[in-house]
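Open the structure in your viewer and keep the sequence panel beside it. The stops below go from the whole chain to single residues.

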Amino acid sequence: NRGTIGGSIAFADPAAELPACAVALGANIELRGPEGLRHVEAAQFFHGLYATDLRPGEVVTAVTIPRCAGYRSAICELARRHGDYAIVGLAAHARDGKTLGDARLVFFGVGAKPVRAHGAGAAIEGRAVDDSSIAAAKAALAGDLDPIGDLHASAATKLHLAGVLTDRVLRQ
């Protein structure tokens with residue numbers, strides 16, 4: 001009944017929140033093994049379904065998240081029941097002000113690893129959050145995401161839900 005941040009990151013479940021949060025926040029993963037200490041940016045750490053940059057004999061020893069003054073973060077997910085893994089989730093992080101900057105929208109539950117929606121982030125870059133910028137971000141998701149359907153939802157449903165979450169998170 002216990003888990004750790006490092007354990008969740010090392011396990012790399014594509015429906016888990018912490019890997020997506022690590023990518024959105026620009027975390028650095030510290031790894032220690034027989035060959036010594038090394039650091040990997042979270043965006044490069046996750047390779048695929050339960051696959052990471054961990055080498056044989058290595059363990060995650062630290063997860064460092066840079067201080068982000070002037071940024072806002074949000075996380076939102078949709079699950080069948082409270083406590084279940086997300087059908088689709090979104091970890092978002094952006095420089096806050098009259099307009100958004102450095103927007104990082106990272107989805108979980110839609111692919112084999114956390115998926116950063118670069119097009120959606122670019123669609124809101126330097127823009128105020130309003131109906132027009134949110135619509136542009138949602139439209140860009142079709143080029144950013146190629147969801148994997150599963151027992152809980154089809155790929156089309158997951159793409160639709162990603163748009164719903166984008167709208168909710170940006171309005172926060």
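**Whole chain**

Begin with everything selected, and keep in mind that this is a predicted model. In cartoon view, look for six helices and nine strands. Along the principal axes, the C-alpha atoms fill a box of roughly 50 × 40 × 30 Å. The radius of gyration is 16 Å, which agrees with the value near 16 Å for a compact globule of 172 residues.

Next, show the surface. The accessible area is about 9100 Å², and carbon and sulfur atoms make up 53% of that. Of the 172 residues, 43% count as buried. If you display contacts with a sequence separation of 6 or more, 53% of them join residues 24 or more positions apart.

Now colour by charge. There are 18 positive and 18 negative charges, and their mean positions lie 3 Å apart.

**The four-stranded sheet**

Select β6, β7, β8 and β9, which form an open antiparallel sheet in that order. Which strands stand at the edges? They are β6 (71-78) and β9 (115-116); each has a single partner strand, so one side of each is left without a neighbour in the sheet.

**The β1-β2 hairpin**

Select residues 28-33 for β1 and 36-41 for β2. How many residues separate the two strands of this hairpin? Two residues lie between β1 and β2. The strands are antiparallel and are joined by six bridges. Show side chains for Arg-32 and for Leu-37 of β2, which stands opposite Arg-32.

**Ser-8 in helix α1**

For the last stop, select residues 5-11, helix α1, and pick out Ser-8 within this helix. Is Ser-8 buried or exposed? Its relative accessibility is 18%, and the cut-off for buried is under 20%, so Ser-8 counts as buried.

To see what surrounds Ser-8, leave out residues up to four places away in sequence; the residues that Ser-8 then touches are Asp-13, Ala-16, Leu-18 and Pro-19. Display these residues together with Ser-8 to view the contacts.

Note on methods
Residues numbered from 1 in each chain as written. Predicted model: local features only at pLDDT ≥ 70, side-chain atom pairs only at ≥ 80, totals over all residues. Heavy atoms only, no water. Rg over C-alpha atoms; globule rule 2.2 N^0.38 Å. Buried < 20%, exposed > 50% of the residue type's maximum accessible area, 1.4 Å probe, protein only. Contact = heavy atoms within 4.5 Å. Areas by Shrake-Rupley, 256 points an atom, 1.4 Å probe, with all protein chains shown as cover. Lys, Arg positive; Asp, Glu negative; His and termini not counted. Charge placed at Lys NZ, Arg CZ, Asp CG, Glu CD. Pairing = 2+ DSSP bridges.
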